[in-house]
Amino acid sequence: MNLILLGPPGAGKGTQAERLQDAYNLVQLSTGDMLREEVKSGSDLGKTAKEIMERGDLVPDDLIIKMISGRIDQNSGGDGIILDGFPRTTAQAEALDRMLDEKGLKMDHVIQITVDEDAVVERISGRFSCAKCGMGYHDHFKKPKVEGVCDKCGSTEFTRRADDNADTVRSRLAAYREQTAPILPYYEAKKALKAVDGMGGIDEVYARIKAVIEEG
Ligand code: AMP
């Protein structure tokens, strides 16, 4: 099964993708995570992307498409993929369709997680993740079971994203409205889009997504 999770920053795409990958043995492909790795490694792509990400703008389509295309090729470790944060523009959605065609794959569900913008700012400003395994947490909504210790790998080091501040969040929301929301009709026209209410607790939203998947 292959899935796309769509929605503005802070909708819970990464959190839900983590749950879904364990439940359905899927491989999560997050272009945001890949770019953060590139920034960390100091690659040419990372150097180009760093400033763009700090501004809250989108990294150019050609760079993103090249980066993800290699990862879809390499995917062999699960029963499918979850795309989280990709596609984000109409050009990316069209390129994805071409890649899937070439590889004989198809998307089974395109799930749009809807949220209020005010809630997004609150969610984003409280989030942090394990510096070692990347597991995501939140100051209010998802604390580690033992304070200061990662539930998944036991590490005691955590990080906060450089772009999770109020100014950048506003730019990221604008990028979503202007460049990403226009792809919704693309999937609607294919009768592939399913909207899920992303307001509520993590378990509640997960149950809604699961219901959509299991309805088929
Ligand atoms: P995310 O972790 O999905 O919130 O992405 C963090 C940042 O990485 C975004 O604000 C963009 O600057 C960049 N980014 C991630 N995915 C994409 C994409 N598919 N297209 C363009 N830029 C992206």
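Where is the place of Asn25? Asn25 sits in the loop between helix H1 (13-24) and strand S2 (27-30); helices (H or I, at least four residues) and strands (E, at least two) are DSSP runs, numbered from the N terminus. The model is predicted: local features need pLDDT of at least 70, side-chain atom pairs count only at pLDDT 80 or more, and totals for chains, interfaces and linings use all residues. Residues are numbered from 1 along each chain as its sequence is written, and side-chain values use heavy atoms, with hydrogens and water left out.

View A. Asn25 has a positive phi of about 55° although it is not a glycine. Asn25 counts as partly exposed because its relative accessibility is 38%; buried means under 20% relative accessible area, exposed over 50%, and partly exposed in between (1.4 Å probe, protein chains only). Lys191, in the loop between H8 and strand S8 (193-197), has a positive phi near 60° and is likewise not a glycine. At 74% relative accessibility, Lys191 counts as exposed.

**View B. The largest nonpolar core.** A nonpolar core is a set of buried Ala, Val, Leu, Ile, Met, Phe, Trp, Tyr and Cys residues joined through side-chain atoms within 4.5 Å. The largest has 29 residues, of which Ile4, Leu6, Leu35, Ile68, Leu83, Leu96 and Tyr187 touch the most other members. Elements that each supply at least two residues of this core include strand S1 (3-6), helix H2 (31-41) and helix H5 (90-103). The largest share, five residues, comes from H5. Apart from this core lies another, of 21 residues, among them Leu3, Ala17, Leu20 and Leu26.

View C. Two strands pair if DSSP finds at least two bridges between them. Strand S5 (residues 127-130) runs antiparallel to strand S6 (residues 136-138), and three bridges join them. Phe128 has Tyr137 in S6 as its bridge partner. Five residues lie between S5 and S6 in their hairpin, where Gly134 in the turn has a positive phi of about 85°. Two bridges join S5 to strand S7 (residues 158-159), also antiparallel, and Ser129 stands opposite Thr159 in S7.

View D. Phe86 and Pro87 are joined by a cis peptide bond, with omega of about 0°. Pro87 lies in the loop between S3 and H5.
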